[in-house]
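Please open the model in a viewer and keep the selection tool at hand. The stops below are given in the order in which they may be selected.

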Amino acid sequence: LSMGFDAINAEQNSGTMTRLLAQPIYRDDVINGKFLARLFVLILITLALGFFVAGMGIIITGVPPTGEEVMRLLLYLALSIVYMGFWLALAMLFSLMFRHTATSALCSMSLWLFFSIFVPILAGMVADAIFPVTQSSDAMAQLYNIRLSQAISRLSPATLYSEAAVTILSPSVRTLGPVLLEQTYGAISGFLPLGQSLLLIWPHITGLVAGTILIFGITYTLFLRQEIRA
(Lines give C-alpha, C1' and ligand atoms only; values in the text may rest on other atoms or scores of the structure.)
Protein backbone atom coordinates (compact mmCIF):
# COMPACT_ATOMS: atom_id res chain seq x y z
CA LEU A 1 0.00 0.00 0.00
CA SER A 2 2.78 2.42 0.89
CA MET A 3 4.50 1.79 -2.43
CA GLY A 4 1.44 2.29 -4.62
CA PHE A 5 -0.80 4.96 -3.10
CA ASP A 6 1.16 7.80 -4.75
CA ALA A 7 2.38 6.01 -7.85
CA ILE A 8 0.40 8.18 -10.28
CA ASN A 9 -1.16 11.17 -8.53
CA ALA A 10 2.17 12.27 -7.05
CA GLU A 11 3.60 12.74 -10.53
CA GLN A 12 0.42 14.41 -11.72
CA ASN A 13 0.55 16.92 -8.87
CA SER A 14 4.22 17.68 -9.43
CA GLY A 15 3.77 18.02 -13.19
CA THR A 16 6.27 15.31 -14.13
CA MET A 17 3.61 13.05 -15.64
CA THR A 18 3.00 15.41 -18.57
CA ARG A 19 6.74 15.65 -19.21
CA LEU A 20 7.02 11.88 -19.09
CA LEU A 21 4.15 11.31 -21.52
CA ALA A 22 5.53 14.01 -23.81
CA GLN A 23 8.42 11.68 -24.57
CA PRO A 24 8.10 9.11 -27.40
CA ILE A 25 6.93 6.29 -25.13
CA TYR A 26 3.64 4.48 -24.92
CA ARG A 27 1.22 4.97 -22.05
CA ASP A 28 0.99 1.27 -21.37
CA ASP A 29 4.76 1.15 -20.87
CA VAL A 30 4.39 3.76 -18.13
CA ILE A 31 1.71 1.96 -16.13
CA ASN A 32 3.31 -1.45 -16.68
CA GLY A 33 6.68 -0.12 -15.61
CA LYS A 34 5.29 1.43 -12.45
CA PHE A 35 3.58 -1.80 -11.41
CA LEU A 36 6.35 -4.20 -12.39
CA ALA A 37 9.10 -2.10 -10.80
CA ARG A 38 7.29 -1.99 -7.47
CA LEU A 39 6.42 -5.67 -7.73
CA PHE A 40 10.06 -6.50 -8.39
CA VAL A 41 11.09 -4.67 -5.22
CA LEU A 42 8.50 -6.64 -3.26
CA ILE A 43 9.74 -9.91 -4.77
CA LEU A 44 13.33 -9.04 -3.91
CA ILE A 45 12.51 -8.12 -0.30
CA THR A 46 10.27 -11.15 0.23
CA LEU A 47 12.78 -13.64 -1.13
CA ALA A 48 15.65 -12.06 0.80
CA LEU A 49 13.76 -12.13 4.10
CA GLY A 50 12.41 -15.62 3.45
CA PHE A 51 15.81 -17.13 2.67
CA PHE A 52 17.39 -15.26 5.58
CA VAL A 53 14.88 -16.64 8.07
CA ALA A 54 15.20 -20.13 6.56
CA GLY A 55 18.98 -19.97 6.80
CA MET A 56 18.87 -18.78 10.40
CA GLY A 57 16.48 -21.60 11.23
CA ILE A 58 18.86 -24.18 9.78
CA ILE A 59 21.81 -22.69 11.66
CA ILE A 60 19.95 -22.56 15.00
CA THR A 61 18.27 -25.97 14.83
CA GLY A 62 20.90 -27.80 12.80
CA VAL A 63 18.17 -29.72 10.96
CA PRO A 64 18.27 -29.42 7.16
CA PRO A 65 14.89 -29.21 5.40
CA THR A 66 13.61 -31.89 3.09
CA GLY A 67 12.80 -31.29 -0.54
CA GLU A 68 9.07 -30.99 0.16
CA GLU A 69 9.70 -28.50 2.96
CA VAL A 70 11.77 -26.35 0.60
CA MET A 71 8.97 -26.45 -1.95
CA ARG A 72 6.45 -25.45 0.70
CA LEU A 73 8.64 -22.49 1.66
CA LEU A 74 8.97 -21.37 -1.95
CA LEU A 75 5.23 -21.69 -2.52
CA TYR A 76 4.55 -19.69 0.63
CA LEU A 77 6.85 -16.90 -0.58
CA ALA A 78 5.16 -16.96 -3.99
CA LEU A 79 1.75 -16.77 -2.33
CA SER A 80 2.91 -13.81 -0.24
CA ILE A 81 4.12 -12.03 -3.37
CA VAL A 82 0.74 -12.54 -5.06
CA TYR A 83 -1.05 -11.23 -1.97
CA MET A 84 1.13 -8.13 -1.83
CA GLY A 85 0.67 -7.66 -5.56
CA PHE A 86 -3.09 -7.55 -5.00
CA TRP A 87 -2.82 -4.65 -2.55
CA LEU A 88 -0.22 -2.94 -4.73
CA ALA A 89 -2.61 -3.00 -7.69
CA LEU A 90 -5.42 -1.71 -5.50
CA ALA A 91 -3.28 1.13 -4.14
CA MET A 92 -2.32 2.12 -7.68
CA LEU A 93 -6.00 2.11 -8.66
CA PHE A 94 -6.79 4.56 -5.85
CA SER A 95 -3.76 6.63 -6.85
CA LEU A 96 -5.30 6.94 -10.30
CA MET A 97 -8.83 7.63 -9.09
CA PHE A 98 -8.00 10.32 -6.52
CA ARG A 99 -6.00 13.46 -7.15
CA HIS A 100 -4.66 13.87 -3.61
CA THR A 101 -2.17 11.36 -2.24
CA ALA A 102 -3.62 11.59 1.27
CA THR A 103 -7.05 10.55 -0.01
CA SER A 104 -5.68 7.56 -1.90
CA ALA A 105 -3.62 6.50 1.12
CA LEU A 106 -6.60 6.73 3.49
CA CYS A 107 -8.85 4.80 1.09
CA SER A 108 -6.26 2.07 0.66
CA MET A 109 -5.74 1.69 4.40
CA SER A 110 -9.47 1.81 5.09
CA LEU A 111 -10.21 -0.94 2.60
CA TRP A 112 -7.38 -3.06 3.98
CA LEU A 113 -8.71 -2.66 7.52
CA PHE A 114 -12.23 -3.45 6.35
CA PHE A 115 -11.24 -6.69 4.64
CA SER A 116 -8.79 -7.76 7.34
CA ILE A 117 -10.80 -6.97 10.49
CA PHE A 118 -14.43 -6.14 9.79
CA VAL A 119 -15.33 -8.69 7.11
CA PRO A 120 -14.85 -11.71 9.45
CA ILE A 121 -16.91 -9.93 12.12
CA LEU A 122 -19.68 -9.08 9.67
CA ALA A 123 -19.60 -12.64 8.31
CA GLY A 124 -20.34 -14.03 11.77
CA MET A 125 -23.14 -11.52 12.32
CA VAL A 126 -24.78 -12.32 8.98
CA ALA A 127 -24.48 -16.06 9.60
CA ASP A 128 -26.03 -15.72 13.06
CA ALA A 129 -28.90 -13.68 11.61
CA ILE A 130 -29.69 -16.18 8.84
CA PHE A 131 -28.91 -19.41 10.70
CA PRO A 132 -29.16 -18.58 14.42
CA VAL A 133 -27.52 -21.08 16.72
CA THR A 134 -28.97 -21.70 20.19
CA GLN A 135 -28.56 -24.38 22.81
CA SER A 136 -31.40 -26.34 21.24
CA SER A 137 -30.01 -26.12 17.69
CA ASP A 138 -29.04 -29.33 15.99
CA ALA A 139 -25.73 -30.10 14.27
CA MET A 140 -27.01 -29.16 10.81
CA ALA A 141 -27.95 -25.65 11.94
CA GLN A 142 -24.47 -25.14 13.35
CA LEU A 143 -22.98 -26.54 10.14
CA TYR A 144 -24.95 -24.13 7.96
CA ASN A 145 -23.93 -21.25 10.22
CA ILE A 146 -20.24 -22.07 9.98
CA ARG A 147 -20.35 -22.64 6.22
CA LEU A 148 -22.10 -19.35 5.56
CA SER A 149 -19.69 -17.49 7.82
CA GLN A 150 -16.70 -19.00 6.03
CA ALA A 151 -18.18 -18.28 2.60
CA ILE A 152 -18.62 -14.60 3.43
CA SER A 153 -15.21 -14.37 5.10
CA ARG A 154 -13.56 -15.76 1.98
CA LEU A 155 -14.67 -12.70 0.06
CA SER A 156 -11.75 -11.03 1.84
CA PRO A 157 -8.29 -11.53 0.30
CA ALA A 158 -6.84 -11.51 3.82
CA THR A 159 -8.87 -14.62 4.71
CA LEU A 160 -7.86 -16.34 1.48
CA TYR A 161 -4.20 -15.61 2.16
CA SER A 162 -4.26 -16.69 5.80
CA GLU A 163 -6.01 -19.99 5.06
CA ALA A 164 -3.71 -20.74 2.12
CA ALA A 165 -0.59 -19.87 4.12
CA VAL A 166 -1.57 -22.11 7.02
CA THR A 167 -2.30 -25.00 4.67
CA ILE A 168 1.01 -24.66 2.84
CA LEU A 169 3.17 -24.29 5.95
CA SER A 170 1.40 -26.94 8.03
CA PRO A 171 0.96 -30.37 6.40
CA SER A 172 -1.24 -31.41 9.34
CA VAL A 173 -4.07 -29.19 8.02
CA ARG A 174 -6.35 -31.60 6.17
CA THR A 175 -9.48 -29.49 5.73
CA LEU A 176 -10.50 -25.82 5.83
CA GLY A 177 -14.15 -26.33 6.66
CA PRO A 178 -16.25 -27.97 9.35
CA VAL A 179 -16.06 -31.75 9.63
CA LEU A 180 -18.84 -33.93 10.99
CA LEU A 181 -18.15 -36.72 13.43
CA GLU A 182 -19.29 -39.29 10.86
CA GLN A 183 -16.65 -38.04 8.44
CA THR A 184 -13.82 -38.47 10.95
CA TYR A 185 -14.82 -42.00 11.90
CA GLY A 186 -12.15 -44.40 10.69
CA ALA A 187 -9.88 -41.65 9.39
CA ILE A 188 -6.15 -42.21 9.81
CA SER A 189 -4.21 -39.30 11.26
CA GLY A 190 -1.29 -38.13 9.19
CA PHE A 191 0.14 -35.37 7.05
CA LEU A 192 -0.98 -34.28 3.62
CA PRO A 193 1.55 -34.38 0.79
CA LEU A 194 2.30 -31.17 -1.05
CA GLY A 195 0.06 -32.01 -3.99
CA GLN A 196 -2.97 -32.58 -1.76
CA SER A 197 -2.32 -29.35 0.12
CA LEU A 198 -2.25 -27.47 -3.18
CA LEU A 199 -5.54 -29.05 -4.24
CA LEU A 200 -7.02 -27.89 -0.95
CA ILE A 201 -6.06 -24.24 -1.46
CA TRP A 202 -6.26 -24.06 -5.25
CA PRO A 203 -9.46 -21.93 -5.15
CA HIS A 204 -7.73 -19.51 -2.76
CA ILE A 205 -4.73 -19.07 -5.04
CA THR A 206 -6.95 -18.69 -8.09
CA GLY A 207 -9.03 -16.04 -6.34
CA LEU A 208 -5.99 -13.98 -5.32
CA VAL A 209 -4.42 -14.16 -8.79
CA ALA A 210 -7.71 -13.32 -10.50
CA GLY A 211 -8.33 -10.40 -8.16
CA THR A 212 -4.86 -8.99 -8.81
CA ILE A 213 -5.25 -9.29 -12.59
CA LEU A 214 -8.73 -7.77 -12.50
CA ILE A 215 -7.76 -4.74 -10.42
CA PHE A 216 -4.62 -4.07 -12.43
CA GLY A 217 -6.65 -4.45 -15.63
CA ILE A 218 -9.04 -1.76 -14.41
CA THR A 219 -6.11 0.49 -13.49
CA TYR A 220 -4.51 -0.14 -16.87
CA THR A 221 -7.69 0.74 -18.77
CA LEU A 222 -8.41 3.88 -16.76
CA PHE A 223 -4.85 5.13 -17.15
CA LEU A 224 -4.92 4.71 -20.92
CA ARG A 225 -8.23 6.62 -21.15
CA GLN A 226 -7.37 9.35 -18.68
CA GLU A 227 -6.84 12.85 -19.98
CA ILE A 228 -3.61 14.31 -18.62
CA ARG A 229 -2.91 17.97 -19.13
CA ALA A 230 -0.11 20.24 -18.09
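Begin with glutamate 163, which at 15% relative accessibility counts as buried; buried means under 20% relative accessible area, exposed over 50% and partly exposed in between, with a 1.4 Å probe and protein chains only. The model is predicted, so local features need pLDDT of at least 70 and side-chain atom pairs count only at pLDDT 80 or more, whereas totals for chains, interfaces and linings use all residues. Residues are numbered from 1 along each chain as its sequence is written, and side-chain values use heavy atoms, with hydrogens and water left out.

The term denotes a side-chain nitrogen of Lys or Arg within 4 Å of a carboxyl oxygen of Asp or Glu. Arginine 154 is partly exposed, at 27% relative accessibility.

Now select histidine 204, in helix H9; helices are DSSP runs (H or I, at least four residues), numbered from the N terminus. Histidine 204 is buried, with a relative accessible area of 5%. Its contacts (heavy atoms within 4.5 Å) include Arg154 and Glu163, residues up to four places away in sequence not being counted.

Which of its residues are buried? They are Pro157, Ala158, Thr159, Leu160, Tyr161, Glu163, Ala164, Ala165, Thr167 and Ile168. Because ten of the 13 residues are buried, H7 is largely enclosed by the rest of the structure. The cover over these buried residues includes helix H4 (67–97), helix H5 (101–130), H6 and helix H9 (194–225).

Within H6 (residues 139–153), pick asparagine 145. This residue is buried, with a relative accessible area of 10%, and touches Ala127, Asp128, Phe131 and Val133, not counting residues up to four places away in sequence.

In one, the side chains of glutamate 11 and lysine 34 meet at 2.4 Å, N to O. Glutamate 11 lies in helix H1 (residues 9–14) and lysine 34 in helix H3 (residues 27–61), so the pair ties together parts that are 23 residues apart in sequence. In the other, glutamate 68 meets arginine 72 at 3.3 Å, N to O. Glutamate 68 is partly exposed, with a relative accessible area of 36%, whereas arginine 72 is buried, at 4%.

How values were computed
Helix = DSSP H or I, 4+ residues; strand = E, 2+ residues; numbered from the N terminus.
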